[in-house]
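Welcome! Here is a short tour for someone meeting this structure for the first time. Keep the view open while you read.

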Amino acid sequence: MNIAVVGTGYVGLVTGTCFSEMGVHVTCIDVDERKIEALNKGIIPIYEPGLETLVHKNMKSGRLRFSTRLEDVLNSVEIVFSAVGTPPDEDGSADLKYVLDVAHTIGKHLNRYVVVATKSTVPVGTASKIKAVIEEELKARGVNIEFDVASNPEFLKEGNAVKDFMSPDRVVVGVESQRARKLMARLYKPFMIVSDRLIFTDIPSAEMIKYAANSMLATRISFMNDIANLCELVGADVNMVRKGIGSDTRIGKKFLYAGCGYGGSCFPKDVKALIKTAADNGYDLRVLKAVEEVNNDQKLVLYQKIVKHYGDERLLRGKTVAMWGLAFKPETDDMREAPSLILIDLLLKAGVAVKVYDPVAMDECRRRIGDKVIYSQNMYDAAEGADVLMLVTEWKEFRIPNTDTLLAKMHGRLILDGRNILDAEELRLAGFEYHCIGK
């Protein structure tokens with residue numbers, strides 16, 4: 001099969017690369033000429049475990065190519081995936097400009113049947129808009145060419161995206177015709193050898209499934225953070241509470257970890273977009289509004305703990321805080337909506353010097369905020385002279401720190417664990433004052 005994937009971000013690049021690994025001939029398209037030039041040289045624009053190896057392997061085999069021109073390959077492919085960005089507008093709705101730009105290009109150059117499948121997370125009704133744009137362009141050309149639209153939402157976790165794609169727990173495809181269904185089933189057949197997890201739906205349901213799934217996961221996180229804050233007030237331990245409720249098979253254990261808030265490219269954006277979709281249809285999603293409010297507040301918790309420790313915000317001036325972790329989660333350099341950015345901003349406004357370290361997100365932090373913070377060579381370099389150590393991202397290398405080294409390097413003894421991964425007893429026995437979330 002020959003397919004095209006438009007957009008070379010997390011979703012597009014992983015999608016195109018993993019299909020090529022299964023023997024499909026894939027052309028990945030992006031309007032960013034510098035990005036395509038870099039990819040053609042084997043330079044990967046994102047950090048995602050396992051991705052670089054697969055890109056190089058499939059480029060060498062000739063199954064994976066990169067281009068800036070969809071029109072050059074459009075009439076030699078059977079499926080075009082749209083995996084372009086859908087950034088949030090000021091009102092929280094998804095900006096469909098890039099999605100519709102792809103549709104315009106297809107309509108202007110299409111000469112044979114193709115399935116146009118949306119991978120980007122888009123609001124319900126977007127497929128109808130894509131279809132209308134393509135039909136409008138075909139009408140303007142005075143031609144009548146058959147095509148189908150489909151919705152094929154992605155369920156990839158950053159840091160585990162390649163594995164998620166190659167071994168999916170489900171593949172959702174919304175279609176309108178048997179012809180489109182057969183093509184999509186053929187494409188995904190290699191991924192269904194062990195177990196058939198291909199779910200066909202109507203298109204609006206497929207578009208809704210992605211938003212509903214991410215919103216449910218975000219709800220579980222905010223719920224546990226709310227419970228964690230109450231645990232601190234009543235003397236309970238949120239980790240024990242998590243184990244107790246997670247053992248209920250109706251609830252399950254996943255996404256019940258308390259922390260300093262969720263971030264990333266999906267949960268914040270998708271929650272906002274679903275709230276806006278509901279409002280546009282005259283409905284108030286009260287639960288999701290609360291989820292968003294709790295998460296926004298939770299990103300302030302570590303700062304509030306520092307202020308409480310010193311007794312007055314004014315007493316923070318001149319202090320130094322070491323921050324371990326910048327990315328919104330481990331195994332990625334993505335800092336979109338990351339709690340670290342909120343905390344850095346608050347600390348700098350309070351006159352605090354911030355020393356940061358993250359295994360992979362240092363360059364991304366420089367790109368975002370420049371030299372406002374002090375960039376460290378490693379986790380212990382960041383702790384040098386620090387009055388407070390703040391753990392924000394749960395990278396594995398942070399889990400068992402050398403307490404003797406920390407004692408020798410840190411000026412103060414306060415450790416704030418925003419992800420509840422450190423050993424409280426060990427740190428306290430070593431002489432540190434340790435605080436986490438929900439205990």
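Is Asp404 buried or exposed? Asp404 is exposed, with a relative accessible area of 57%.

## Before we start

This is a predicted model, in which local features need pLDDT of at least 70 and side-chain atom pairs count only at pLDDT 80 or more, while totals for chains, interfaces and linings use all residues. Residues are numbered from 1 along each chain as its sequence is written, and side-chain values use heavy atoms, with hydrogens and water left out.

## On the surface

Asp404 belongs to helix H16 (residues 403–409). Helices (H or I, at least four residues) and strands (E, at least two) are DSSP runs, numbered from the N terminus. From Asp404 to Thr53 there are 351 residues in sequence and 38 Å in space, C-alpha to C-alpha.

Leu230, Leu233 and Val234 make up a nonpolar patch on the surface, and together they have about 340 Å² of accessible area. A patch takes residues with over 30% relative accessible area and no salt bridge, joining like charges within 9 Å and nonpolar side chains (Val, Leu, Ile, Met, Phe, Trp, Tyr) within 5 Å. The areas come from the Shrake-Rupley method with a 1.4 Å probe, and for residues only the protein chains shown count as cover. Leu230 sits in helix H8 (residues 203–234) and counts as partly exposed, at 47% relative accessibility.

In soluble globular proteins, nonpolar side chains tend to be buried together. Here the largest nonpolar core has 60 residues, and Met323, Leu326, Leu347, Val356, Met390 and Leu406 have the most contacts inside it. Helix H12 (residues 301–310) gives the most to this core, with five residues. A second, separate core of 43 residues includes Tyr10, Phe66, Val115 and Tyr188. Such a core is a set of buried Ala, Val, Leu, Ile, Met, Phe, Trp, Tyr and Cys residues joined through side-chain atoms within 4.5 Å.

What does Val356 touch, not counting residues up to four places away in sequence? Among its partners are Met323, Leu326, Ile344, Met362 and Tyr375. Contact here means heavy atoms within 4.5 Å.

## A look at helix H12

In H12, the buried residues include Val301, Leu302, Tyr303, Lys305, Ile306 and Val307. The buried residues of H12 pack against H8, H11, S9, H13, S12 and strand S13 (414–417). Just after H12, Gly311 takes a positive phi of about 90°.

## Aromatic pairs

A pair of aromatic rings is described by the distance of the centres and the angle of the planes. Rings of Phe, Tyr and Trp (its six-membered ring) pair if their centres lie within 6.5 Å; planes under 30 degrees apart count as stacked, over 60 as edge-to-face and the rest as tilted. The count comes to 11 aromatic pairs by this rule. One of them joins Phe165 and Phe191 edge-to-face, at 5.5 Å centre to centre with 80° between the planes. Phe165 lies in helix H6 (residues 161–166) and Phe191 in the loop between helix H7 (178–188) and strand S8 (198–201), so the pair ties together parts that are 26 residues apart in sequence. Both Phe165 and Phe191 are buried.

Trp324 and Phe398 form a stacked pair, 5.2 Å centre to centre and 25° between the planes. This pair links distant parts of the chain, 74 residues apart: Trp324 is in strand S9 (residues 320–324), and Phe398 is in the loop between strand S12 (388–391) and H16. Trp324 and Phe398 are buried as well.

## Salt bridges

Side chains of opposite charge can pair when their charged atoms come close. A salt bridge is a side-chain nitrogen of Lys or Arg within 4 Å of a carboxyl oxygen of Asp or Glu, and the whole structure has 29 of them. In one, Lys299 meets Glu337, with the closest N and O atoms 3.8 Å apart. Lys299 counts as buried, at 5% relative accessibility, whereas Glu337 counts as partly exposed, at 41%.

Glu364 and Arg368 also form a salt bridge (2.9 Å, N to O). Both lie in helix H14 (residues 362–369), four residues apart, about one turn of the helix.

Key
Buried means under 20% relative accessible area, exposed over 50%, partly exposed in between (1.4 Å probe, protein chains only).
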